[in-house]
Amino acid sequence: MNLDDKANLAQYSEWKQEVLHKQDFLQKISDRNNHVIANLLSESKPIKLELGAGKERQLEGWTTIDISGDCDLVLDLRNPLMFPDESVTEIYSSYVLEHFLYPYQMAGILNECYRILKKGGIFSVCVPNARIYIEAYLNKEKFDPERYCQFKPAYHYNSPIDYINYIAYMAGNHLHLFDEDNLVSVLSQAGFNNVRLRDFDSSIDLESRRDGSIYAIAEKTSSISIGVHKEEMFISRKTIEISNREQEIGTMDNSESLASSKFICVDLGCGTHKEEGFIGVDVIAGDQVDVITDLNGHFPFPDSSVDFIKAHDFIEHLPDRIHTMNEIWRICKPDAIIDISVPSTDGRGAFQDPTHVSFWNINSFMYYCQEFPLYLAGCQSHYGFKGEFSIVSIEEKQSAHQVIHVHAVLKAIKSEENSYQLNFKDINLIIFPDWNQSINIIFEQMINVCQAIIDHPQNSDITLLINTQNTNIEDAQFLLADVLMNLYYDQKTEINNDKFPEFNLLNINSTDEYKGLLPILSSRIVLEDENKEFINQIGLEQLPSSTLEEFKNASIAILDKLPYIPLQKKESSLSKAYQKFAEQKFVEAVELFRQAVIENPHFANSGLIPLAHSLILTLDWQEISRNLPTGINYLETSGWLNSLYLGKPVNQEAKPIPWYTYPAIEFIENKINTNFRVFEYGSGNSSLWWSERVTQVISMESDANWFEYIKKNMPSNVELYLIEDDLEYASAINQYEDHYFDVIIVDGINRNQCAEFALSKIKDQGFIIFDNTDDHRYAEGVKKLLESGFIRIDFYGMIPSYLYKNCTSIFFKDIKLLSRGGLPSEKRSCLGRSCFQITSPVIAI
């Protein structure tokens, strides 16, 4: 894929560094939490915890817990609490429970509170009283909004129903409503005893919550049993870990081990510019491509396995936009970041590349993001979109050659409870049990493998992936739970809380998903009885493997250095076609593109632009020219064919020309004097073209990457400046005297203001070139020039490298401009001679 445009590289590097440092940040949080808890357990004082304390609460003698870094312990309450059974004396919670779904999330929190409380421990709670707001709906005269609706961002009154909207949603933060009976019932069902309502307690309750709240207290009067049954385990996701946690064994939430997890970053359409630390994916083989695949189909990663996706100049190469966004969402973990840069239809970039087959602009993302609920709902219900994103940032970026990119940074919105996440570590191993065997054989195999991994001296660096082909994921989960419980209660097994491996059940929808796993996998552990047929089917013969005995004797260092060899899968016809197109072997490309249409029927409806271009370029242009008077084929003599081959504006001799319409270039050529001063908004091949014809060229460029590329080739009479700010770019001309320039070219960004500032800087006999005036966005600039007394001539026609018609307009005041230059029959042109100059010459040209 073409990734030459890196206008957003600096900002992307910041995101990349953030991703790479997040693991270290999470490890520091985990270390701090462990240190705080160890100190609390070592002291003889009663442990009192305040849940959801925020940054304002610092009650003496209480340990505060919240997701915020301002608290003593930084914990997500949806995950198991990091305290041993029966170690805490008292727990206080104020305005917390209503933020969690019932029963799943809330029951998990309350069960954890019950587990860690000592016998006789107290759970004290405060929640908003929804009954007050429901009664206000029925009798609004007795309700005081100033007293009960103090959080103004959530209060928008149109009718009494908004009292209920306020407490039910709280600007999207509330997930449960309580009244007195409901609170008592919820606490009782969690196992608490002596549950009762209480009065406001000024020693712990906030005065601002005195009104409109329910207060309750509950006790734990009996100890929990040491025995743990799999039906009673705290399961929030289908991934299982080991932790001793003071004689605790259970299936734990993956997010608790994020501090030691490895972030999986994927560069879709990486080409030759793969980011460091990323898995490179592309349709064409290359040195930096780790996974070769046709992304028109299933993306080569399992569900919820990727933390960060980069897709720069990529999605426009895939024809089905709904499929593309579905697959991106599918492979993302909850809250994964997607960094997309795509040419917009508001500029030339969307249509200029013959391999672009889908078209996007800044509004396209409305259909996939929660910020636009009506568009999202319609896309989900009518168009087949299965996911949801939120917008972190979105903007348009202008770069060279009138190319506009939409840069969208999105976040994947997924329910963590329903997402089967895969967490990887530095060493990722995989096994393929044959689930058609008896359960006893599988159980014994799993015992042996898990025991070996737990016993390994560097077990904290290992993730074991367990393939679940031919079995039910829930059955596999319970079997793994039984395996881990047996290992725990086996006296031979000792589990260190700070060092534990991770065990992930691998639920794969398509064999293509294994392609994305291969760069991550270190080795396959060979089982005595395994699913050999499936292993051969998915092509894992090149993945390093070892028997269980070999693994026991191998060091992590050896495993970590095992090379990954990209599988040499048979490339698709589409992949081969793109390769031939890039090599300018257009006859072969045509046949391959035609085969791709057969293999991908959707191309029959959408069309395949590179096939059309290949067909043009396969014509025998030499034969065509031989059957015309010598030199008369304008597509050849103008350099249009040459520019189509090379993808840049050049003439027949491959010399640079401006990216104006051909008629505009023809008109301008003999209106130029060698002593001219030229000011350019937007630089490139046009700067080189002007430099050969005038004394001075001053050129402004807004794209930093394009600037770095072109500045190396600029001659001494070209002054090239990088100005990225829109206003500074347009006003850069103001540093020069009025009526200083003979020619001013309005191109690049912020053209309307550029045209306005050009008014006073052009000489009375000079002229202004305004490119792409057929674009309605530049109508304001055109009107300003006309209102200032300029005459306009529009030059419609084709431009270099493209098949479509554009308009370049010339503005001037001095009518003598039209008589400059010799007779048309005498004109010399960089675009070759005209028909009658060839067939009926007056003078030798």
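Q: If contact means heavy atoms within 4.5 Å, what covers the buried residues of helix 23?
A: The model is predicted, so local features need pLDDT of at least 70 and side-chain atom pairs count only at pLDDT 80 or more, while totals for chains, interfaces and linings use all residues. Residues are numbered from 1 along each chain as its sequence is written, and side-chain values use heavy atoms, with hydrogens and water left out. Helices (H or I, at least four residues) and strands (E, at least two) are DSSP runs numbered from the N terminus. The cover over the buried residues of helix 23 includes helix 21 (634-637), helix 22 (640-646) and helix 24 (685-691), together with strand 25 (762-771), strand 26 (791-798) and strand 27 (805-812).

Q: Why is helix 23 described as largely enclosed?
A: Buried means under 20% relative accessible area, exposed means over 50%, and partly exposed lies in between (1.4 Å probe, protein chains only). Helix 23 spans residues 662-669, and because six of its eight residues are buried, the rest of the structure largely encloses it. Those buried residues are Tyr 662, Ala 664, Ile 665, Phe 667, Ile 668 and Glu 669.

Q: How many helices and strands does the chain have?
A: The chain has 29 helices and 27 strands. Of its 845 residues, 53% are buried. Taking contacts between residues at least 6 apart in sequence, 66% join residues at least 24 apart.

Q: How many salt bridges are found in the whole structure?
A: A salt bridge puts a side-chain nitrogen of Lys or Arg within 4 Å of a carboxyl oxygen of Asp or Glu. The search returns 30 of them. One pairs Glu 219 with Arg 196, with the closest N and O atoms 3.4 Å apart. This pair links distant parts of the chain, since Glu 219 is in strand 7 (residues 213-219) and Arg 196 is in strand 6 (residues 193-197), 23 residues away. Arg 196 is partly exposed, at 37% relative accessible area.

Q: Are Asp 747 and Arg 751 buried or exposed?
A: Both are buried, and their side chains meet in a salt bridge at 3.2 Å, N to O. Glu 207 and Arg 210 also form a salt bridge, with the closest N and O atoms 2.9 Å apart. Here Glu 207 is exposed, with a relative accessible area of 51%, and Arg 210 is partly exposed at 40%. Salt bridges with shared partners also join Asp 85, Glu 112 and Arg 115 into one network.

Q: Where is Pro 153?
A: Pro 153 is in the loop between helix 4 (145-148) and helix 5. Pro 153 is exposed, with a relative accessible area of 53%. Its C-alpha atom is 8.2 Å from that of Met 170, 17 residues apart along the chain. Helix 5 covers residues 161-169 and contains Ile 161, which is partly exposed at 35% relative accessible area.

Terms used: Contact = heavy atoms within 4.5 Å.
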